Amino acid sequence: MNNTLEETIARITPELIETRHHIHQNPELSDQEAGTARLVAARLAALGLEVRAEVGGHGVIGTLRGARPGRTLALRADMDALPIGEESDLPYRSQNVGVMHACGHDGHTTVLLGAAQALAAERDRIAGSVRFLFQPSEETGQGARRMCAAGAMDGVDAAAALHAWPPLPVGQIGIRMGAMTASADTFDILIHGSGAHAAYPHLSADPVVAAAQVILALQTLVSREIDPVEPAVVSVTQVSAGTAPNVIPETVRLAGTVRTHSNAVREAIPERMRRVVEGVCAAGRAHAEIHFRQGTPPLVNDPSVAALIADAAGETLGRENVILLPHASMGAEDFAEYLAYAPGALLRLGLGQPTPLHAPTFDFPDAALPVGVRVLSAFALRFLGA
Ligand code: NI
């Protein structure tokens, strides 16, 4: 469909593979992406883009201005690696002990550099501008928020990003109109009772028994209080109390996570959790302190942006290679933060491999690089009216 774009991508692919191997070999944890950011900034500057570095940490923004004025599209990649020791004998395996690119962010960063290069060659056909956002600290859920606070989304009309997805074959993408990933909030519950000798429980207000009932009662929040067609998860994942077998303790601490696909459900849960926890504790002569921490919001794809991506991807990859995913994920992705500023969509890039994300043997396949570049570039050209 678009010969010059396809030619450029074919020409730059060997160099992109080298770049990906270099980033894979030199992984950096969240908030420590200085080396990756330097590489990204240098490549963007070499393409003649306007470059802003150290945005919201080690974030880098490159702006490509088209030949004519028009809308602004943001394309985003994440640059950080994970605290996992790589198990591999690849020639380009991690040289940073205990740190590896196990979530494919080396691939995401390289794909976006490739898209910048491919689109820079199409500048004459672009009305408006493409803003390339290379964010730090996705794994800690902090990077996107800080990039936005630093103005990354000011004046942006739409945003898109991709994430590596092992179960889909290379050459395919997955997308949804609507919910894509979940919110990830956390809670901390401190249950205060009164302690006593374990032989004289009637002299205590036992917070351990209250905590046990609270854990079970919280399971009714999703099953009895949330519409069954709305996905939600409430998991208590940490329980801590006690110092000795013969002492009823004073306090029990519970902590866990809440996941939802809609802001309405997300906002309804804290008040309901408070009522259940306080009611159960009162029945056991205990009382509770509850602290909520809002993390990443749910990622809900804008249907019109998602449809445009599906259309552009279908044209370059073949319609049969654009998969409408039947389910959203209960995992979280901080790309959701950008969508508070402009409509946008996240797509899944097929990797065709059995190794899951975050496994110590994970490696982003090189064959998926040009596929990602084709999809992002074709979508950008479509969105910017070329
Ligand atoms: Ni990831």
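Me: At what angle do helix 3 and helix 8 pack?
Reply: Happy to start there, with a predicted model in which local features need pLDDT of at least 70, side-chain atom pairs count only at pLDDT 80 or more, and totals for chains, interfaces and linings use all residues. Residues are numbered from 1 along each chain as its sequence is written, and side-chain values use heavy atoms, leaving out hydrogens and water. The axes of helix 3 (residues 105-120) and helix 8 (residues 368-383) are 8 Å apart, axes being lines fitted to C-alpha atoms over the stretch in contact, with angles from 0 to 180 degrees between N-to-C directions. The packing angle is about 50°.

Me: Are helix 3 and helix 8 oblique or roughly parallel to each other?
Reply: Angles under 35 degrees count as roughly parallel, over 145 as roughly antiparallel, 65 to 115 as roughly perpendicular and the rest as oblique. With a packing angle of about 50°, helix 3 and helix 8 are therefore oblique.

Me: How do the residues of the contact of helix 3 with helix 8 divide?
Reply: Contact means heavy atoms within 4.5 Å. Among the residues making it are Gly 107, Val 111 and Ala 115 of helix 3, and Gly 372, Leu 376 and Ala 380 of helix 8. Ala, Val, Leu, Ile, Met, Phe, Trp, Tyr, Cys and Pro count as nonpolar, Asp, Glu, Lys and Arg as charged, and the others, Gly among them, as polar. The division is 10 nonpolar, 5 polar and no charged.

Me: Are helix 1 and helix 2 roughly antiparallel or roughly parallel to each other?
Reply: The axes of helix 1 (residues 3-25) and helix 2 (residues 34-46) come within 10 Å and cross at roughly 160°. His 22 of helix 1 and Arg 43 of helix 2 are among the residues making the contact. The two helices are therefore roughly antiparallel.

Me: Is Ala 212 buried or partly exposed?
Reply: Ala 212 sits in helix 5 (residues 207-225). Partly exposed covers the range between buried and exposed, the latter being over 50% (1.4 Å probe, protein chains only). With a relative accessible area of 39%, Ala 212 is partly exposed.

Conventions: Helices (H or I, at least four residues) and strands (E, at least two) are DSSP runs, numbered from the N terminus. Buried means under 20% relative accessible area, exposed over 50%, partly exposed in between (1.4 Å probe, protein chains only).
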